[in-house]
Amino acid sequence: MNVVNQSHPSIDGKGIMMGKKAYTDDFAEPDSLIVKVLRSPHPYARIVSIDTSKANALTGVELVLTHKDFERIPFTRAGQGYPEPSPHDKFVFDEYVRYVGDEVCAVAAQSETIANQALELIEVEYEVLEPVLDFETAIDHEVVIHPEPEIHEMFPIGFKPKRNIAAQYSMEVGNVEEVLKTCDVVISDTFYTQAQAHVMLEPHTVNARIDYQNRLVLYSATQTHVHVRRIISQALKYPLSKIRVIKPRVGGGFGGKQAIHGEIIVSKVTLLTGKPSKMVYTRKEVFESSYSRHPMRFKMKLGAMKDGTLKAIDCQVLSDTGAYGEHALTVFMVAGSKVLPLYNKVDAVKFYGDVVYTNHTPAGAFRGYGAIQGNYALESAVDMLCDELKMDPILFRQKNMMLEGETSPIFEIMGEGTEGTAMIMESCKLDYCVKRGLELIDWKNKYPRVPLNKHIVKGVGMAIAMQGSGIPYIDMGAATIKLNDDGFYNLMIGATDIGQGSDTILAQIAAEELGAKLDQIIVYSSDSDLTPFDTGAYASSTTYVSGNAVLNAAKQMKELLIEEAQRALDTEVSFDGVTFKGQNGKEISLKELSNRLYYNEDQKQLTSTASYVGHKSPPPFMAGFVEVDVDIETGEFDIIDYVSVVDCGVTINPKLAQGQVEGGIVQGIGMAVYEDVKISKTGKMITNDLLNYRIPSRLEINRLTTEFAKSYETSGPFGAKSVGEIGIDTPPAAIANAIYNATGVRIKSLPITPEKILKGMKERGR
Amino acid sequence: MRVSLTINGDVKAFDVSIEEYLLDTLRKHNYKSVRRGCDNTTCGACTVLLDGKPVPSCSILTVRADQHEITTVEGIAKEAERLSEYFGHEGADQCGYCNPSIALTVHAMLLENPKPTDEDIKKYLVGNLCRCTGYEGQFRAIKKYMEDEL
């Protein structure tokens, strides 16, 4: 292969580094009205009255919007395909506010200073209500968070708002209870995962204007520009055909920009005033008033035989979706569906539980999407089981884990909000990933621990993981290729580059198939008027789903080109990407052919469009190994090395794939060790800036060792699977296992802090 | 208040309010490579050079920069372009929101310390947060850039 599986630099890297205009706010009209939202100071309250008269009277204030300015239409901001598996439980503004930071009303003013002054002049009388702040007591709590009658589910998701339940699910293969009775060893324990903030560097940003064709045009920092258009139309009852949403360069998303943010409010402002408007979240708003990762509680039961055969897994989950139910059911289901098939040889497996409303900042999509939470619980529990069995955790995994050519009944039972899709693992090099990881971390000389001196102990730990590649039969991606004169191409894709490099790797796929050089493919992505449909950047779908669409469009373009060349040369031709060679000895170059088609003979525009919807979701797999040095006097520890061996099929761009894995690993290390969205007893977020919410800096990252298994997924474009999320899944469990191996302390709630380790060691000492 | 700033070598005069921050002044006057990330000096995305030293423009009042020299990435275009090749080859430019600020910080570091150790590089750039790359690709790129350029 000439272009694919090569580490080409990102096609837009130079312009980005040199500071060219690229991001949403760079394209705001200079005279945009500044839109600011007044946010609730209470975790739960009813708005008795809003007096906006003083704000309205302030010079420079264009308008103030409250719930009275919007028709009462429930919708979901989740940013998913339609009908969504998330409940329609949100109004643009409501008479109730359900978390600290929830939207009360908005102002649009001529400057930021005036907008902020206006917010202070708005007088709101609240009836403060008792909040639900402990998700373990939310079900059937006397306080109901969503009493409003209009809200509903789009199809059955177990939505029971009167019980504070946003979604419910259960499934069972075999009979777990019966199988557990026959096991030699059963372990049972409870694990907690915390809320994590996305902390993409670019805050949520959107701007709007009415263009010369009287269309509402938005630039939005979004992962789902087509869903954004649809949701604006639904929430405002404004014709879909009059809205254009453009996603320019996005400064990171990680799932946080899958959902709607200020898009509806700026649209309303611009439609009412006719003036351009813009909204940029402050970092405080990004923390308090967007979304974070669903905190979860896992009650795990694992049963095995003395020989190390895993027989049954019972996994009961409680998930906290906060004030609104964005992604409530689907994140919950992925905690099972993209975790439990790792151990596919069990006789019985059960996965069930509830997703509850609380008066917390809503949870939403976040890289890993439940799998990181489930992986922490299961892969911690597996090591605990091995301890009981006195069995090497590597041998145990090698005996029980998924191998190539195998399947799991869970694939057919569990999809994302719906039933799943049966599939055989045509590519699964998990066995190689484990074997290679053992070598790279030097496991045999370090496991379980090596005392380095009187107070520092080295420990190693590991975990295996899987993810998916898009949502089969739901996620569709499409691509259009257009031939230009001089023989270069435009690739138009709905796929959404949010920094992961999808514009580059999709261009590589097109170039490979067309025999072109990468710079002959000019990419435009994610403009709802100009590019074909794509569900967006989520569910690890772009390489696999959008990539297959691009490959098919390129195949079609090649056929069209050959057809035209045959017409021009009047003979059968072969095409090497540059020249068409006829059997009669005649030749025509691509350049000559394209100019002929534009200007001279058989004039026509060649375009090809292809769509792709997956018929399965081939999982990428990985093994993560970590080496930690723990100070047993203080509980402090350093992560010395993190080894990742990943099977994502063929890497379309190895260096960009490595960047996806390593970025995921460090975000996973953040979740495992540093990051914790903390809420005060009164419901306020304590960690609402980057001083109090600490993400890993350069100093914490010592060494990342990343390799890819040689693997080929026949259904993927040039053998590729996805790689966007898999990297984040292993660090919590692998680090927890390493800490246990070093100290004997089992951390069952994230994050893993020196305080918890020290406390554990003291308890063990007693 | 009228201030005079030398931006990338050009003398510019602006009318600003006394509470205006340099980041807002620059963006208002079309220096869009300077970007807001956090509002309180913790992320580094708004870095500019003030008389050659990297500072967070989100927290410098424009009036304090009066009569000083400001450098944005456009002022070190050649170096930024060279550095971008190394970022490209190491797969280090993901979302890129922080990239101009990293180019400026690397430029300033090399002026202060032409031969930084690995530890020196990490410490000098610690204020430039990145949520995409895991830092490893950026680190490789910066090291190779230094090896070839110096």
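**Chain B: strand S3 and its partners**

Over how many bridges do S3(B) and strand S4 (residues 53-56) of chain B pair? They pair over four bridges, in the antiparallel sense. Strands here are DSSP runs (E, at least two residues), numbered from the N terminus, while helices are H or I runs of at least four. Two strands pair if DSSP finds at least two bridges between them. This is a predicted model: local features need pLDDT of at least 70, side-chain atom pairs count only at pLDDT 80 or more, and totals for chains, interfaces and linings use all residues. Residues are numbered from 1 along each chain as its sequence is written, chains are lettered from A and ligands numbered from 1 in the order in which they are written, and side-chain values use heavy atoms, without hydrogens and water.

Val48(B) has Val55(B) in S4(B) as its bridge partner. The hairpin of S3(B) and S4(B) has two residues between the strands, and Asp51(B) there takes a positive phi near 50°. S3(B) also pairs with strand S5 (residues 69-71) of chain B, antiparallel, over two bridges. There, Leu49(B) stands opposite Thr71(B). In a regular strand the side chains alternate between the two faces of the sheet. Both faces of S3(B) are covered: Thr47(B) and Leu49(B) are buried on one side, Val48(B) and Leu50(B) on the other. Buried means under 20% relative accessible area, exposed over 50%, partly exposed in between (1.4 Å probe, protein chains only).

**Chain A: an open sheet**

Three strands of chain A form an open antiparallel sheet in the order S4-S2-S6. Strand S4 (96-97) and strand S6 (123-128) are the edges, each pairing on one side only. Strand S2 (residues 45-51) and S6(A) share six bridges. Ile50(A) has Val124(A) as its bridge partner.

**Cores**

The largest nonpolar core has 204 residues. A core joins buried Ala, Val, Leu, Ile, Met, Phe, Trp, Tyr and Cys residues through side-chain atoms within 4.5 Å. Helix H9 (residues 371-389) of chain A gives the largest share, 11 residues. Leu302(A) is among the residues with the most contacts inside this core. Not counting residues up to four places away in sequence, Leu302(A) touches Ile313(A), Leu378(A) and Leu385(A), among others; contact means heavy atoms within 4.5 Å. A second, separate core of 45 residues includes Ile509(A) and Phe580(A).

**Helix H6**

Eight of the 11 residues of helix H6 (residues 263-273) of chain A are buried, so this helix is largely enclosed by the rest of the structure. The buried residues include Glu263(A) and Lys268(A). Just after H6(A), Gly274(A) takes a positive phi of about 75°.
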